[in-house]
Amino acid sequence: MLNAASRRVGLRSDGAEVIRLGENALYRLPNGVVARIARTGQDAAAAKEINVATWLEDNGVAAVRPRRDVEQPVVALGHAVTFWHELPPHQQGTTADVAAVLRDFHSLPAPKFDLPELSPFVRLADRINEARALSPDDRAWMRQRLSELEGAYADLPKGMPRRAIHGDAWRGNVALTADGPVLHDFERCAFGPPEWDLVSTAVGYVTTQMIDAEKWRAYCKTYGYDVTDWDGFEVLRNIRELRMTTMAAQVASTNPTVQPQLAHRLACLRGEHGTRPWPGWHPVP
């Protein structure tokens, strides 16, 4: 499929090197081109990523750049393929870098293309229902928790004006180059509350203590706002925590070594470890 898609737009794919194989597959092609192969059924999401990246480039926001000399995405063998300029040497950005690119992203005028509404509960019900690592009691509890949070989100307090948001704003989606931080991965971009992007980092400070107080203060100073002061913070925090726990449940179903981490996260959510913060939330493989 990579060869077929590349030929269709006149790009070379000989000697393609794997960069990452995950939900999306990334390949390094000759002449500084990166090809991204989406999961089946993700044609609209791939087109959205191209639209968002083009919009960001046109507005001077540091973001990964799509190849604008080819018509894309290209659908080959049921997969949407997009082509990008390869980033220069880089490392993962800091929490302050995330705040800097979000500040620029959130300051932009509305794009002239449509974005889907933010769906903070996407795939959660499926994860809960399909996770073999969950006991019947834990599964029932998580279903109830999901229902409660869906109701709370529907009554979310007023905050900053709704706008285009990244949707998955964490350090792993910011590359730090010699010229500064660069935002990437626009699969979850949507229209919604910008606080959703900020809460992703706030949970690392308030809930898990993966971020210390100094880094959190730097994050808030760089962005210019502390989302934990907002009346709706707890709702979005709780949704993020549930998302993190369902991800652990999904991974633990095929990787038993993650089972203790899943048990810890569930115990925290169920109030068995007292009030936040809850140290011990470790990344799942």
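Two strands are taken as paired if DSSP finds at least two bridges between them. Strands (E, at least two residues) and helices (H or I, at least four) are DSSP runs, numbered from the N terminus. The structure is a predicted model, in which local features need pLDDT of at least 70 and side-chain atom pairs count only at pLDDT 80 or more, whereas totals for chains, interfaces and linings use all residues. Residues are numbered from 1 along each chain as its sequence is written, and side-chain values use heavy atoms, with hydrogens and water left out.

Strand β3 (residues 33-37) pairs with two other strands, β2 and β5. With strand β2 (residues 25-29), β3 runs antiparallel, joined by 5 bridges, and L29 stands opposite V33. The two strands form a hairpin with 3 residues between them; in the turn, N31 has a positive phi of about 65 degrees. The pairing of β3 with strand β5 (residues 79-85) is likewise antiparallel, over 5 bridges, and places R36 opposite T82.

Burial (under 20% relative accessible area with a 1.4 Å probe, protein chains only) extends to 5 of the 5 residues of β3, so the strand is largely enclosed by the rest of the structure. In a regular strand the side chains alternate between the two faces of the sheet. Both faces of β3 are covered, with V33, A35 and I37 buried on one side and V34 and R36 buried on the other.

Helix α9 (residues 259-269) packs against helix α8 (residues 233-252), their axes coming within 9 Å and crossing at roughly 150 degrees. Axes are lines fitted to C-alpha atoms over the stretch in contact, and angles run from 0 to 180 degrees between N-to-C directions. The crossing makes α8 roughly antiparallel to α9 (an angle over 145 degrees). It is left-handed, the near helix being turned anticlockwise from the far one by less than a right angle.

In this contact (heavy atoms within 4.5 Å), E241, L242, M244, T245, A248, A249 and A252 of α8 meet Q259, L262, R265, L266 and L269 of α9. The contact residues divide into 8 nonpolar, 2 polar and 2 charged, where Ala, Val, Leu, Ile, Met, Phe, Trp, Tyr, Cys and Pro count as nonpolar, Asp, Glu, Lys and Arg as charged, and the others, Gly among them, as polar.

Helix α9 is mostly covered, 8 of its 11 residues being buried: Q261, L262, H264, R265, L266, A267, C268 and L269. The elements covering these buried residues include α5 (136-154) and α8. Just after α9, G271 takes a positive phi of about 85 degrees.

Definitions and conventions
Angles under 35 degrees count as roughly parallel, over 145 as roughly antiparallel, 65 to 115 as roughly perpendicular and the rest as oblique. Buried means under 20% relative accessible area, exposed over 50%, partly exposed in between (1.4 Å probe, protein chains only).
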